[in-house]
Amino acid sequence: MPGRPSVAGRSLLVSRPAGRMGGGGSALRVCADHRGGINWLSLSPDGQRLLTGSEDGTARLWSTADGQCCALLQGHESYVTFCQLEDEAAFTCSADRTIRKWDVRTGQCLQVFRGHTSIVNRILVANNQLFSSSYDRTARAWSVDKGQVAQEFRGHRNCVLTLAYSAPWDLPGAPCAEEVGGLLVTGSTDGTAKVWQVASGCCHQTLRGHTGAVLCLVLDTPSHTAFTGSTDATIRAWDILSGEQLRVFREHQGSVICLELVNRHVYSGSADRTVKCWLADTGECVRTFAAHRHSVSALRYHAGTLFTGSGDARARAFDAQSGALQRVFRGHAFVINCIQVHEQVLYTASHDGALRLWDVRGLPCAPPPRPAAPARSRSRLFSNKVGCAAAPLQPA
């Protein structure tokens with residue numbers, strides 16, 4: 001199967017003594033079936049399965065009950081860039097310019113989505129629609145059932161890296177929300193983010209202000225706010241209805257690679273080897289997590305603990321409120337591209353081709369941070385990390 005680096009292996013059950021605070025953690029299982037780096041890891045909504053997408057051109061389904069591989073998804077003609085797992089179906093996208101839908105019970109390919117003319121970077125399944133972004137400078141909306149393009153979003157001047165969707169019912173108070181069919185937000189290496197009306201395909205707003213590629217974004221739909229992270233080392237908050245830039249978060253010294261939004265706090269991972277915690281409503285930096293030896297490539301907040309993955313091949317657990325380092329998880333050989341947490345197990349996927357399961361029992365379970373403003377309805381979170389190198393910036 002075409003791919004890039006080759007790492008052969010098999011599933012291994014590894015038992016090690018539980019690590020001390022700040023120590024090596026406890027690896028429950030090492031799953032090394034992939035023969036290339038793992039680019040993404042997705043957890044099903046019911047928590048029963050994991051999906052990995054790899055440089056070896058395949059995806060694999062895993063059981064969270066025992067860590068065993070339960071299906072091999074073969075068919076892509078090049079490496080898998082991203083994947084999303086639903087309860088009944090799995091979705092993968094690839095450098096072969098296609099997206100595939102798979103049956104999670106049989107592993108059979110149910111649908112191939114064709115139309116993009118270059119690498120497909122990201123996909124998002126929401127509201128019975130499939131959204132995709134590509135190096136061909138477009139984003140697209142597809143019918144999940146028919147596999148046909150429902151809408152094409154053209155206007156970016158370079159590669160579209162990341163995207164998020166806000167359904168009409170997630171936009172309280174927005175004029176004509178039902179008519180526009182919700183809003184799609186895209187981020188590009190052209191330095192802009194764009195807000196699109198899904199029903200018409202029209203660009204609703206262009207969010208200009210970044211001086212580098214937009215690598216990641218998250219949405220807080222109740223406040224109509226998008227947060228974007230860029231190679232210009234800033235995070236910016238935008239009103240997606242008016243297009244107004246609300247505030248700029250400026251303390252990072254390197255590209256902002258990944259974002260997480262938790263109860264009015266924004267967590268950002270950067271090439272400057274730190275994670276920072278910001279008040280979403282003011283832009284004030286309230287905490288810096290600084291124990292990494294390389295870029296921070298992945299973030300996941302869970303039950304009062306902030307888990308990070310880094311280019312130094314280690315995952316870490318921090319107390320989200322104090323910033324104290326609680327545990328270091330050693331074992332991977334290359335950058336950790338994605339992390340998930342489910343029922344006291346940390347899952348890490350790396351460019352070394354391995355999926356590792358770690359015991360996180362014993363870490364304190366604290367409540368989420370208190371909101372910096374009066375509590376609002378729970379935000380719908382879309383976290384999009386970009387691990388690929390950005391294309392050259394072109395003027396917007």
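Which residues does UniProt list for "repeat: WD"?

**View 1. Annotated repeats in the predicted model.** The unreviewed UniProt entry lists residues 31–72, 73–112, 113–152, 181–206, 207–248, 249–288 and 329–361 under this heading. UniProt positions follow the numbering used here, feature names are shortened, and annotations may be inferred rather than shown by experiment. The structure is a predicted model, in which local features need pLDDT of at least 70, side-chain atom pairs count only at pLDDT 80 or more, and totals for chains, interfaces and linings use all residues. Residues are numbered from 1 along each chain as its sequence is written, and side-chain values use heavy atoms, with hydrogens and water left out.

**View 2. Secondary structure of two repeat spans.** Residues 181–206 are 58% strand and 0% helix, with end C-alpha atoms 18 Å apart. For residues 249–288, the end C-alpha atoms lie 13 Å apart, and the span is 57% strand and 0% helix.

View 3. C216 belongs to strand 19, residues 214–220. C216 counts as buried because its relative accessibility is 0% (buried: under 20% relative accessible area, 1.4 Å probe, protein chains only). Between C216 and S188 the C-alpha distance is 9.2 Å, at a sequence separation of 28 residues.

**View 4. Burial and contacts in the protein.** Of 396 residues, 62% are buried. Among contacts (heavy atoms within 4.5 Å) between residues at least 6 apart in sequence, 48% join residues at least 24 apart.

Key:
Helix = DSSP H or I, 4+ residues; strand = E, 2+ residues; numbered from the N terminus. Buried < 20%, exposed > 50% of the residue type's maximum accessible area, 1.4 Å probe, protein only.
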